Amino acid sequence: MAGNADVLLGFDFGTRRIGVAVGNAITGRAQALTTLHHDDGPDWTGLTRIVGEWRPGALVVGLPLAADGSTQVMTDNARDFMARLGAHFDLPVHAMDERFSTIEAMERLRTARAAGTRKKRLAKGDSDAMAAQVILEGWLEAGEANA
């Protein structure tokens with residue numbers, strides 16, 4: 001599935017939810033899109049809908065490493081998700097160190113709520129979509145899109 005090389009989708013993979021963000025390699029900006037909920041593996045219907053709508057040129061998945069940079073069980077789960085994404089959509093899939101992305105996402109959401117630009121009560125998953133945005137922005141800022 002060929003897409004627009006400038007459009008990227010970012011993912012914050014979790015065992016119950018997957019945060020999704022969209023970004024642009026030209027502007028270097030990303031925005032949180034949605035959170036997909038799942039029990040028995042990724043929501044392939046939802047993922048297919050999002051990929052079909054945005055037609056990205058590549059996908060970026062947060063790689064959950066321990067604070068010291070070592071791998072953990074979730075690292076292997078995210079790598080499996082990356083492999084399945086690449087095979088399912090025939091798109092390049094890149095990993096981005098996601099350490100502290102959830103902390104950054106929660107801080108952004110708190111700031112937005114305090115400024116009145118975000119609803120006061122967070123839905124489960126708001127932080128996941130925002131974490132996907134943080135992951136994708138980090139990948140874009142690192143210049144990975146031009147590598």
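**Questions on the model**

User: Which residues does D128 touch, not counting residues up to four places away in sequence?
Analyst: A word on the basis: this is a predicted model, in which local features need pLDDT of at least 70 and side-chain atom pairs count only at pLDDT 80 or more, while totals for chains, interfaces and linings use all residues. Residues are numbered from 1 along each chain as its sequence is written, and side-chain values use heavy atoms, with hydrogens and water left out. Contact means heavy atoms within 4.5 Å. With residues up to four places away in sequence set aside, D128 touches D12, R17, G19 and T35.

User: Is D128 buried or exposed?
Analyst: D128 sits in helix 4, where helices (H or I, at least four residues) and strands (E, at least two) are DSSP runs numbered from the N terminus. Buried means under 20% relative accessible area, exposed over 50%, and partly exposed in between (1.4 Å probe, protein chains only). Because its relative accessibility is 11%, D128 counts as buried.

User: How many of the residues of helix 4 are buried?
Analyst: Helix 4 is mostly covered. For the protein of 147 residues, the buried share is 44%. In helix 4, the count of buried residues is 15 of 16.

User: How far apart are the end C-alpha atoms of helix 4?
Analyst: The expected span of a helix is 1.5 Å times one less than its number of residues. Helix 4 covers residues 126–141, so its 16 residues should span 22 Å. The model agrees with this, as the end C-alpha atoms are apart by 22 Å.

User: Which residue takes a positive phi just after helix 4?
Analyst: The phi in question is about 75°. The residue that takes this angle just after helix 4 is G143.

User: Let's step back to the fold. What pattern does the protein follow along the sequence?
Analyst: The protein has four helices and five strands. Among its contacts between residues at least 6 apart in sequence, 62% join residues at least 24 apart. Read along the sequence, the order of elements is β-β-β-α-β-α-β-α-α.

User: How are helix 1 and helix 2 oriented to each other?
Analyst: Axes are lines fitted to C-alpha atoms, for helices over the stretch in contact, with angles from 0 to 180 degrees between N-to-C directions. Those of helix 1 (residues 44–54) and helix 2 (residues 73–89) come within 12 Å and cross at roughly 60°. Angles under 35 degrees count as roughly parallel, over 145 as roughly antiparallel, 65 to 115 as roughly perpendicular and the rest as oblique. The orientation of helix 1 and helix 2 is therefore oblique.

User: What is the separation of the C-alpha atoms of R79 and F13?
Analyst: R79 lies in helix 2 and counts as partly exposed because its relative accessibility is 40%. Leaving aside neighbours within four places in sequence, R79 is in contact with L63 and T71. R79 and F13 are 66 residues apart along the chain, and their C-alpha atoms are separated by 9.7 Å.

User: Which residues does V93 touch, not counting residues up to four places away in sequence?
Analyst: V93 belongs to strand 5 (residues 93–97). At 21% relative accessibility, V93 counts as partly exposed. Once residues up to four places away are set aside, V93 touches L59, V61, M82, L85 and G86.

User: Is E98 buried or exposed?
Analyst: E98 is found in the loop between strand 5 and helix 3 (101–114). Beyond its neighbours within four places in sequence, E98 is in contact with D12, G62, L63, P64 and I135. Because its relative accessible area is 12%, E98 is buried.

User: What is the phi of R55?
Analyst: R55 is in the loop between helix 1 and strand 4 (56–63), and is partly exposed with a relative accessible area of 43%. Most residues other than glycine have a negative phi. R55 is not a glycine, yet its phi is positive, near 45°.

User: What is the phi of D90?
Analyst: D90 lies in the loop between helix 2 and strand 5, and counts as exposed because its relative accessibility is 59%. Although D90 is not a glycine, its phi is positive, at about 55°.
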